[in-house]
Amino acid sequence: MATKAPTQLIVLLRGINVGGHAKLPMAQLREICASLGCAEVSTYIQSGNVVLETDMAAATLANLLEKAVDAAVGFTPRVVIRTVADLEAALTANPYPDTPDRYLHVGFMDKAPTHAAVADLDALDVSPEGFSVVGREIYLNYVDGVSQSRKLGKVGFERKLGVAITARNLRTVQKLVALAHR
């Protein structure tokens with residue numbers, strides 16, 4: 001019986017090492033991933049970005065990783081997983097190509113929101129900032145940066161869309177794709 005070839009995945013943990021809360025050293029995260037049978041585990045910066053290889057289905061890995069992190073450090077971060085092709089497609093689909101990398105964030109959702117939930121966002125006025133939902137991603141255009149956001153940062157997209165979201169600035173998404181291609 002043939003075994004499934006490992007797949008390279010990008011694992012994004014939500015809300016770790018932010019503001020001194022939910023601390024998880026990247027060395028420990030790499031060890032946890034390896035203990036689950038993942039190979040070629042690499043992390044990028046301290047915010048829970050992992051590139052790895054596994055023969056597990058993404059949903060299985062996300063579930064196991066959430067439980068393993070909780071067992072190791074006592075909190076359960078939401079885990080969102082994408083393939084390298086998914087991240088490349090997100091870069092290509094960028095509806096705000098003129099926004100500087102550090103001001104544009106891609107929110108990776110754990111599932112696609114309903115059409116009705118997305119349609120309900122049409123009435124939101126966040127100008128001069130902007131957002132666009134494309135499949136399982138939401139692009140957040142913080143024209144002057146997240147810390148200067150007057151409207152976009154207050155929307156509550158997770159609640160409105162009924163999904164879990166973990167966001168990365170465009171530069172981080174580009175670095176994760178580059179790390180995957182090493």
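Colleague: Which residues lie nearest the centre of the second largest pocket?

Modeller: Those are Ala62, Val79, Val80, Ile81 and Asp110, out of 13 lining residues. A pocket here is an open set of points on a 1 Å grid over the protein atoms alone, where a 1.4 Å probe fits, with protein on both sides within 12 Å along at least five of seven lines; lining residues have an atom within 4 Å of a point. Before we go on: this is a predicted model, where local features need pLDDT of at least 70 and side-chain atom pairs count only at pLDDT 80 or more, while totals for chains, interfaces and linings use all residues. Residues are numbered from 1 along each chain as its sequence is written, and side-chain values use heavy atoms, without hydrogens and water.

Colleague: Thanks! Which element gives the largest share of that second pocket's lining?

Modeller: Helix 2, with five residues. By class, the lining of the second largest pocket has seven nonpolar, one polar and five charged residues.

Colleague: And what is the volume of the largest pocket?

Modeller: About 640 Å³, where volume is the space filled by probe spheres set on the grid points. Of its 27 lining residues, His105, Ile165, Thr166, Ala167 and Arg168 are the closest to the centre. Strand 8 (165-169) is one of the elements supplying at least two lining residues, and the largest share, five residues, comes from strand 8.

Colleague: Switching topic, how many residues are in the largest nonpolar core?

Modeller: It has 21, and Val11, Leu13, Leu29 and Leu65 have the most contacts inside it. Such a core is a set of buried Ala, Val, Leu, Ile, Met, Phe, Trp, Tyr and Cys residues joined through side-chain atoms within 4.5 Å, buried being under 20% relative accessible area, exposed over 50% and partly exposed in between (1.4 Å probe, protein chains only).

Colleague: What does Leu65 contact, leaving aside its neighbours within four places in sequence?

Modeller: Val11, Leu13, Leu29, Ile32, Cys33, Leu36 and Val79, with contact meaning heavy atoms within 4.5 Å.

Colleague: Now the backbone: where is the cis peptide bond?

Modeller: The cis bond joins Ser127 and Pro128, with omega about 15°. Pro128 is in the loop between helix 4 (115-120) and strand 6 (130-134).

Colleague: One last thing, is Glu40 buried or exposed?

Modeller: Glu40 is exposed, at 60% relative accessible area. Glu40 also has a positive phi, near 50°, without being a glycine. Most residues other than glycine have a negative phi.

Definitions and conventions
Helices (H or I, at least four residues) and strands (E, at least two) are DSSP runs, numbered from the N terminus. Ala, Val, Leu, Ile, Met, Phe, Trp, Tyr, Cys and Pro count as nonpolar, Asp, Glu, Lys and Arg as charged, and the others, Gly among them, as polar.
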